[in-house]
Amino acid sequence: MTGRPICIIMLALVGILSIIRIQKSDLGEIKEALKISQKELAGEEKEFVCQVESVMGQGEDKTIIVRDVMEGQTKFCERMKLQITNKKKSYGRNTIRSEDYISTVSELKIGNIIRVKGKVEVFSLPGNPGQFDEYHYNRDAGIDCRFAVESVFIMDSSYRWVQQRLNELRNAFFLQIVTCLPEKEAGIISAMILGEKSLLSSESKELYQEAGISHILAISGLHISLIGAGLFYFLRRYVMPMKAAAILTGVLLLAYGELVGFPIATERAVIMMLCVLGARFVGRQYDVFCALALSAMIQLAVHPMELFSSGFLLSYGAVLGIALWVKPFQETEGICQGIAGAIGMQFVTLPIILYFYYEWNPYSILVNVIVLPFISILIGMSVFAGTTAFIGIFAGKFFFGIVHVVLRGIEIVCLLAGKLPGARWIVGRPNVWQLVVYYGILLLWLFLKEKGNEFWGKYRKVLLFLGIFVLFFRGHSDNLIITNLDIGQGDCTCIRLEDKTILIDGGSSDVSKVGKYRISQYLKYYGIQRIDYIFFTHSDSDHTNGLQEIIEENNHMGFDIGTVVLPGIEKQDEAYLDLIRVCDRNCVPVRYMTAGAKLQIENLNLQCLHPSGTYDWKNENDYSFVFLLSYGNFKGLFTGDLEQTGEEVVLSAISDVNYLKVAHHGSKGASSEKFLAIAKPEVAVVSAGEGNRYGHPSSETLERLDQIGAKTYCTIDCGAVTTETDGRKWWVRTWYGE
């Protein structure tokens, strides 16, 4: 390391950026700032002048990034993402018509100076543990905000010739792929060689991710190495001298990087390949660690916070793992380079995978060993077939047929790997201290292996086992934990006690795919693989659709589901019956509860107070489950969407409670004065969506809660709200730290 000063500088840079990130990571402060920004921008139409930096995507919807965004004479922001759709009705209003007036997005060229009208939208923070962080994802990439475009006008039609021609070539190549391959295969190949993911299906993406080979769906270092090394070898051997071949290969690699938009892995790989070519050019020895550090420093100089993105860490971690493992294993263990590389990559990237994705396929090493040798064939043949298709579609389809066969083989390998026992481990997010200890043990293991002393031979397996144990270790709590998730305009409560998990409702009326992107991610974040009980308080979709997603998904999104519990009512609505049919189709047992029934788990008692089997409800909210939870001296009340008609029925069964899940999202028609006067909750939690059309929670309900002295938390302002108790005392914490 002392002979590699650039590596030391890079480590120092990582430390500095980490300190800066920690100081700027207060979610509560960011949330408050975003609320102020959103309030200032709400409903206000803005007009900006800016320059088109990149145009990505295919079809009608495209991603357009603009830079140097000016509002009059004032700079509004550095970079902005335009949310724009190719629909003629979106253009022309309040826009001067001229020869430069655009009616389609296809008229925009890279480098155009444009005037746009529309509304600014701020990126959202995650409301729950495990949820995708849109805000930091975009800000770390240097994108300040999103702009919903209403009209566009080209002010200066001059453009960047090279970048525009490369973009047109990319679109033309994409068209050949789509013409010659079925849609699913076209989506995979266009993602692999063009970085174009508009056709990539969620099924293909999830299949490759679950098998541990999702990295091949991006323009990775492997792709660049294959293309660069192959091109350099061909030019040097058959066309020109070595130095000329190195220069031309470098220029073509830069052009390819520009063509695919220079994603993180591509930029890293191009820089490292340029280092290889530079070393050959000047006659120096190439050092992979110095090249890796140099490329990281160049990337972080442009966007420093990319250091904390999964793409950056996985890209550099994979290369570092291969570099550390291949040579030592070749010399001392005699195993093949491919297996050594796959093992090294897995050991270095495993903590990163768990930190960002919370699950792992233990067979991914085997899948990578089988699949990676075919990637060179796949890439080479795809480039050749796509080029051939420009000459003749029939020839292109013939060669793409080989690509189709290889992709089918990879798909079969992934499917078989997914069916093996224990193929999906939902581990949860490790703590930072676990990452530090794991990497420390890994470095010690490598150091001792290089020394080759007696200690290494005796304890190497113990060290590796210790590192894996630390990484997978999850602390155990005897406390009862109740979390009201932020799922927009809906309801979902997760109750955890030791290794048992109960969900009460799970649905939303304003968040799409809430089961996949919020509920399941929360569960995976905490390493929860089994849901013992799912209680549907009633049949409204804003309480059920997210959990229905999970139940209906293949393998229940990786979760084991114990029992679904429904109100045991005689009068049943169609949505209620549909819940039963969904469970039956997916082999999930259904149980029914009525007033008086109890569920006992360890020291937790969950008693049903409502409804009775013969309860004659007028609307679905009336028959909502009402549960009284008891855990030591702690008592909680869960009320679904119960309104005042139903509250009258349970008044005689309730008494003072510590915790109340406020009924019907804080509607003014629920939580009556009489009901609250008897329940007297110390803490009340409202689940509602920001800007919902119902005005939930109502000011009347909040006032009634305030009058009885309840501390009220709303998921709109607080994100997920967690109440924890040991049975004697209890405390509340919120995701935004309020």
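Predicted model: local features only at pLDDT ≥ 70, side-chain atom pairs only at ≥ 80, totals over all residues.
Is D505 buried or exposed? The points below start with that residue.

1. D505 sits in strand β10. Its relative accessibility is 2%, so D505 counts as buried.

2. **D505 relative to G669.** These two residues are separated by 164 positions in sequence. In space, the C-alpha to C-alpha distance between D505 and G669 is 20 Å.

3. **Helices α8 and α9.** Helix α8 spans residues 242-259, and helix α9 spans residues 264-282. Their axes come within 9 Å and cross at roughly 170°. The pair is therefore roughly antiparallel, since angles over 145 degrees fall in that class. On the α8 side, the contact uses M242, K243, A246, I247, T249, G250, L253, L254 and G257. On the α9 side, it uses T266, V270, M273, L274, L277, R280 and F281. By class, this contact of α8 with α9 holds 10 nonpolar, four polar and two charged residues.

4. **Helices α5 and α13.** Helix α5 covers residues 183-194, and helix α13 covers residues 364-391. They pack at an angle of about 90°, with the axes 11 Å apart. That angle lies between 65 and 115 degrees, so α5 and α13 are roughly perpendicular. I189, M192 and I193 are the α5 residues in this contact. They meet I375, L378, I379 and S382 of α13. Six of the residues in the contact of α5 with α13 are nonpolar, one is polar and none is charged.

5. **Aromatic pairs: F234 with Y238.** The model has 25 aromatic pairs. One of them joins F234 and Y238, with 5.6 Å between the ring centres. The planes are 45° apart, and the pair is tilted. Both residues belong to helix α7, residues 221-239. They are four residues apart, about one turn of the helix. How accessible is F234? Its relative accessible area is 44%, so F234 is partly exposed. Y238 has a relative accessible area of 56%, and Y238 is therefore exposed.

6. **Aromatic pairs: F398 with F399.** F398 and F399 form an edge-to-face pair. The centres are 5.2 Å apart, and the planes make an angle of 80°. F398 counts as exposed because its relative accessibility is 55%. F399 has a relative accessible area of 22%, so F399 is partly exposed.

7. **Tyrosine cluster and charges over rings.** Ring pairs link Y358, Y522, Y525 and Y526 into a cluster. Y526 also has a charged residue over its face: R496, at 4.2 Å from the ring centre. Another case involves W617, where K571 lies over the ring face. K571 is 4.6 Å from the ring centre of W617.

8. **Cis peptide bonds.** Which residues does the cis bond with omega about 5° join? It joins H610 and P611. P611 lies in the loop between β15 (604-610) and β16 (626-631). The bond from H696 to P697 is also cis, with omega near -5°. P697 is in the loop between β19 (683-686) and α22 (699-707).

9. D68 is not a glycine, yet its phi is positive, at about 50°. D68 belongs to strand β2, residues 61-71. Its relative accessibility is 31%, so D68 counts as partly exposed. E498 is another non-glycine residue with a positive phi, here about 55°. Where does E498 lie? E498 is in the loop between β9 (490-497) and β10 (500-508). With a relative accessible area of 37%, E498 is partly exposed.

Methods. Residues numbered from 1 in each chain as written. Heavy atoms only, no water. Phe/Tyr/Trp six-rings, centres within 6.5 Å; stacked < 30°, edge-to-face > 60°. Helix = DSSP H or I, 4+ residues; strand = E, 2+ residues; numbered from the N terminus. Buried < 20%, exposed > 50% of the residue type's maximum accessible area, 1.4 Å probe, protein only. Lys NZ or Arg CZ within 6 Å of the ring centre and 35° of its normal. Axes fitted to C-alpha atoms, helices over the stretch in contact; angles between N-to-C directions. Parallel < 35°, antiparallel > 145°, perpendicular 65-115°, else oblique. Contact = heavy atoms within 4.5 Å. Nonpolar A, V, L, I, M, F, W, Y, C, P; charged D, E, K, R; others polar.
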